[in-house]
Amino acid sequence: MRNPQLNEHGELQHLLSLDGLPKSVLTAILDTAEPFTEVAEREVKKLPLLRGKSVFNVFFENSTRTRTTFEIAAKRLSADVINLNVATSSTKKGETLLDTVDNLCAMQADMFVVRHESSGAPYLIAEHLHNTGRHHIRVVNAGDGRHAHPTQGLLDMFTIRHYKKDFHNLTVAIVGDVLHSRVARSQIAALTTLGVPEVRVIAPRTLLPTDVERMGVRVFNDMHEGLKDVDVVMMLRLQNERMNGALLPSPQEFFKVWGLTMEKLARARPDAIVMHPGPMNRGVEIDSAVADGGQAVILPQVTFGIAVRMAVMSMLAGS
Amino acid sequence: MQLPDAESMLHALVEQMRPNMTADTALVGIHTGGVWLAERLHKALGLTQPLGCIDVSFYRDDYGSKGLHPQPQRSGIPFDVDGTPIVIVDDVLYTGRTTRAALNELFDYGRPSRVDLAVLVDRGGRELPIAARYCAHTLAEPLAADQSLQLERNPSGKLELGLINA
Amino acid sequence: MRIRIANGRLIDPANQLDATRDLYIADGLIVGVGTAPSGFSADRTIDATNLIVCPGLVDLAARLREPGFEYRATLESEMEAAMAGGVTSLAIPPDTDPVLDEPGLVEMLCYRAKKLNRAHVYPVGALTVGLKGERLSEMAELVEAGCVAFSQANTPIIDNIVLMRAMQYAATFGFRVWMQPVAPFLARGGVAHDGEIAARLGLAGIPTAAETIGLYTHIELARITGARLHVTRLSSAEGLKMIKWARKEGVDITCDVSVNHLHLSEMDIGYFNPNCNLTPPLRTQRDREALRQGLADGEINALCSNHTPVDDDAKQCPFAEAEPGATGLELLLPLTIKWAQETRTPLVTALARVTSDAARIIGSQKGGHLSVNARADVCIFDADTYTPVSRSRLRSQGKNTPFLGLELPGEVRYTLVEGQVMFEAS
């Protein structure tokens, strides 16, 4: 089966998922992102790489924060950035996803940054571009359903490498709603590919996918056990609509059992770092004392995110 | 072809540059050979401004056709560029495109008072109106396009020129 | 018109026949097998040397999309597909628009089909009005109009009291009830088997328990009500195990499987191939192996195409938003042969599942076999020729199949319906 992310030479054509990408590609992206972090410190925070290229942020699902980071990244690469909030426009009028894509292609798009509420939507777009011979247009997945959020996964890996230098002797715990989390899936794929020997997930059984062990993780239901001696704690966001119902009884109970507090964090290694993809629910999945504490690297994640997205975009757009 | 000895060219370059060095002159080496060279020049000239380095990958004009260079390095300009006289250091001057990219990048950090170029070898084949103020050696005959002249650094730190035929 | 089909390898599962025999047809009926009736002179002789001659296929689930979904397919287009696939009898699920819950609609469908003079249609009526699971449909009237059984297609009855009453009422007349085993709430919102692949791809899962719990409900209610239960589109090894158990318990039960579930598993979803969005979902490779074995053993009675043409606008969507279903009329025979080859099942057994065994479930005496005086519905095919599945070759208006791009064995050369050659390969 043709991997739609890679061209016939095995080079990255689109960034759709971290699952199935070889370690060499992941490492190359992280290495490339490194020099981009320096650009933010300059007087002129702009590089000419994507000059004359049009990057379309096509968001079928609203997300101001993610869209903004992609926008900044593209603008720092000198691209023309067009933001389309499709959630409120064409698909509501009965236009199909591929109609929308065809229309944007006619506007000479060079790259689509796609956010969609349905898993796999960016694959459909990439496949459509392939089938219609538009091989020069690139697709970056900015989050699809529960499936993947590859740039978030990459910036998380970049952050871990920044603080921990090496992946090969780490224990990493991912905590919270793994079932509905595209972030968790991208993190698991990247961590296992990059050689982290122990990736743990900690969650109630209602928030874990069936057969999650098959992804190469160790399952814990208890925070005290799961956090023991970990080097990295990656918290997941709990969506409001899942807090009261058949998945969880209440946010209070969730916080009591799975919320990250200083007391629970004390089970981890003293130099453990705490990450969160944002936006945080303080008092639900994370206590403010942890979020604002010395072990949190949540803001550096955001900064690194721009460099990582610049790296991805410039690796895709050239050639 | 007999290549000139890099170490003796380095000394010649130091002597050319010395008269024009001021207290605030800064060197910026271009990755990778230019940085090795700049490190040696910095020491030999006894400059006080910290050494800068630049990877021009993000400014190359062949990005559109060749894509991003693999493994770009971090640029680092550890001094205030505004008002500073700067010498860009590279091992080999060829088309001038790398120098163009370095100039562009440098100006994104600020406005230097002047910029000069120092190279070990001018191999000819210029495609842009660029000349080196300091140049240790100019090849009598320009090299063919499929030949590549590169500075190498052996484990003891000694610099050597290498010719690669594609 | 008198036809002699000469020198073919005649496979007639109903009569356990697999031998080189000539077949003689007159006035729409089989008039001789091996020996011509006295005084027979053929108007036409079809040379079937190196070809297989078998009963026209009987498909237990073919959505022709009329009425209501003519933009997806029409009787004309799908009848052409049936003829090209050697399928001469079609059971039609009731999920048309409006649904087949009124005798008038059923009569119209039968009338339209008869006028086209292609495959015979056997409508399966809606068990409840509008498939809504609230009011019983007029089953007696619907049978008079032509329905052969009753079903809810893919729409489960949520209220078990209604389900029980519907089965009781059908049992009153001895009508067969065809049920898709699914526990509605467990399947709600799901689009793929709840397992490794769905977990990886972030697709909402449908657990195997949705099938087994639904199936158990149907079995228990069949036992209580005495309804004759036919279980449609089995998808799991656990489900098959339950069928075997029910039979041991003395429940009158038959079941079928679709060609998709016989050949594919969740792995085939690959990179979100919307053509693999099917109802029920493709399950694990272990499940597929069990279904293949079950069909060979006869524990699963029949194989069907579950033909569901879907237009590109509804199919070329993100996986979860794509409408489930695959086109299949033209693939029923090739995929039967492929399964037989791969499992070393004798062709006479394999073809039984798509001819005589399927006909028995419909309750048709006239189709599915080649005995003297049977209806002369015949399929003549070349088992050794492989043909690619491509959008352009498919005659069905639906181009949606997970098998696109594959080469499949079995090329239909002639299809005869009631003694008339309705399809002839060029």
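This is a predicted model: local features need pLDDT of at least 70, side-chain atom pairs count only at pLDDT 80 or more; totals for chains, interfaces and linings use all residues.
## How the chains meet

Chain B and chain C, by contrast, do not touch, and their nearest C-alpha atoms lie 27 Å apart.

## A walk through chain B

What makes up the secondary structure of chain B? There are 4 helices and 7 strands. If you follow chain B from the N terminus, the elements come in the order α-β-α-β-α-β-α-β-β-β-β. The radius of gyration of chain B is 15 Å, close to the 15 Å that the globule rule gives for 166 residues, so chain B is as compact as a globular protein of that length. The C-alpha trace of chain B spans about 40 × 40 × 35 Å along its principal axes.

How confident is the predictor here? The mean pLDDT of chain B is 94, with 99% of its residues at 70 or more. Among the elements of chain B, strand E1 (residues 26-30) of chain B has the highest mean pLDDT, 98, while helix H3 (residues 63-66) of chain B has the lowest, 88.

## Two domains in chain C

Let us turn to chain C. Its domain assignment gives domain 1, made of 2-52 + 376-386 + 407-424, and domain 2, which covers 56-362. Taken over C-alpha atoms, the centres of domain 1 of chain C and domain 2 of chain C are separated by 29 Å. The contact between them takes 18 residues from domain 1 of chain C and 23 residues from domain 2 of chain C.

The residues of the side of domain 1 of chain C that touches domain 2 of chain C divide into 13 nonpolar, 3 polar and 2 charged.

## An open sheet in chain C

Chain C holds an open sheet of 4 strands, in the order E5-E4-E1-E6, with mixed pairing. Why is one side of strand E5 (29-33) and of strand E6 (44-47) of chain C left without a neighbour in the sheet? Both strands stand at the edges and each has a single partner strand, so one side of each has no neighbour there. From one strand to the next, the twist averages 20°.

Strands of a sheet pair through backbone hydrogen bonds, in either a parallel or an antiparallel way. Strand E1 (residues 2-6) of chain C and E6(C) run parallel and are joined by 4 bridges. To find this pairing in the model, look for C:Arg4, whose bridge partner in E6(C) is C:Thr45.

## Antiparallel partners of E18

Strand E7 (residues 52-55) of chain C is joined to E18(C) by 4 bridges, and the two run antiparallel. Here C:Pro55 has C:Val378 as its bridge partner in E18(C).

E18(C) also pairs with E19(C): 8 bridges join these strands, which run antiparallel.

Terms used:
Residues are numbered from 1 along each chain as its sequence is written. Chains are lettered from A and ligands numbered from 1 in the order in which they are written. Two strands pair if DSSP finds at least two bridges between them. Axes are lines fitted to C-alpha atoms, for helices over the stretch in contact, and angles run from 0 to 180 degrees between N-to-C directions. Domain bounds come from an automatic or database domain assignment. Two residues are in contact if their C-beta atoms, placed from the backbone, lie within 7 Å. Ala, Val, Leu, Ile, Met, Phe, Trp, Tyr, Cys and Pro count as nonpolar, Asp, Glu, Lys and Arg as charged, and the others, Gly among them, as polar. pLDDT is the predictor's confidence in each residue, from 0 to 100. The radius of gyration is taken over C-alpha atoms; the globule rule is 2.2 Å times the number of residues to the power 0.38.
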